[in-house]
Amino acid sequence: MLSSIVIGVALGAATGWLGHRSGFLTPSGALSVFVACIATSALGGWVWGALVLVFVAGTNLLSRYRRADKRAISEGFCRRASRGWRQILGRVGWAMVLALLYRFMGRDACVFAAFPTNDCPINIR
């Protein structure tokens, strides 16, 4: 378990720092990613921490893909480019719940099947 926590600290620190440095995360968002990676890694193992990392990195890359086209379409919307703690919690909170279930359900792999439901639209400001 200690190795999972160490991996979670490393993944969370790297993800939070890179996300903040790239402008994708606010300082509170970077801290939230850090805490979420530690929590999911401690509860579910390094695989769950890695899932959070892949999810946050993937949403960052997808938000940057064809940015100019998206900007032209969404001129009427007031949406920040940087993600704060509320948006991060909304995105990875379900993963933390699933990691908790995974730990207390005897590490049953069927819990992984519920992870894709995590990708729902979040419009929290």
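Analyst: Here is a walk along helix H2 and then out to its neighbours. Keep in mind that this is a predicted model.

H2 runs over residues 27-44, so to speak a stretch of 18 residues. From its first C-alpha to its last, H2 reaches 26 Å, close to the 26 Å expected at 1.5 Å a residue.

Now for what H2 hides. Its buried residues are Gly 29, Ala 30, Ser 32, Val 33, Ala 36, Cys 37, Thr 40, Ser 41, Ala 42 and Gly 44. They pack against three partners: helix H1 (2-21), helix H3 (46-64) and helix H5 (85-104).

Take H5 to begin with. Gln 87 sits in this helix, and Gln 87 counts as buried because its relative accessible area is 8%, under the 20% cut-off. Between Gln 87 and Ser 32 there are 9.4 Å in space, C-alpha to C-alpha, although the two are 55 residues apart in sequence.

The other two partners, H1 and H3, also meet each other. Their axes come within 9 Å and cross at roughly 10 degrees; that angle is under 35 degrees, so H1 and H3 are roughly parallel. On the H1 side, the contact is made by Ser 4, Ile 7, Leu 11 and Thr 15, while H3 brings Trp 46, Gly 49, Ala 50, Leu 53 and Val 56. Sorted by class, this contact of H1 with H3 has 6 nonpolar and 3 polar residues, and no charged ones.

Conventions: Residues numbered from 1 in each chain as written. Predicted model: local features only at pLDDT ≥ 70, side-chain atom pairs only at ≥ 80, totals over all residues. Heavy atoms only, no water. Helix = DSSP H or I, 4+ residues; strand = E, 2+ residues; numbered from the N terminus. Expected span 1.5 Å × (residues − 1). Buried < 20%, exposed > 50% of the residue type's maximum accessible area, 1.4 Å probe, protein only. Contact = heavy atoms within 4.5 Å. Axes fitted to C-alpha atoms, helices over the stretch in contact; angles between N-to-C directions. Parallel < 35°, antiparallel > 145°, perpendicular 65-115°, else oblique. Nonpolar A, V, L, I, M, F, W, Y, C, P; charged D, E, K, R; others polar.
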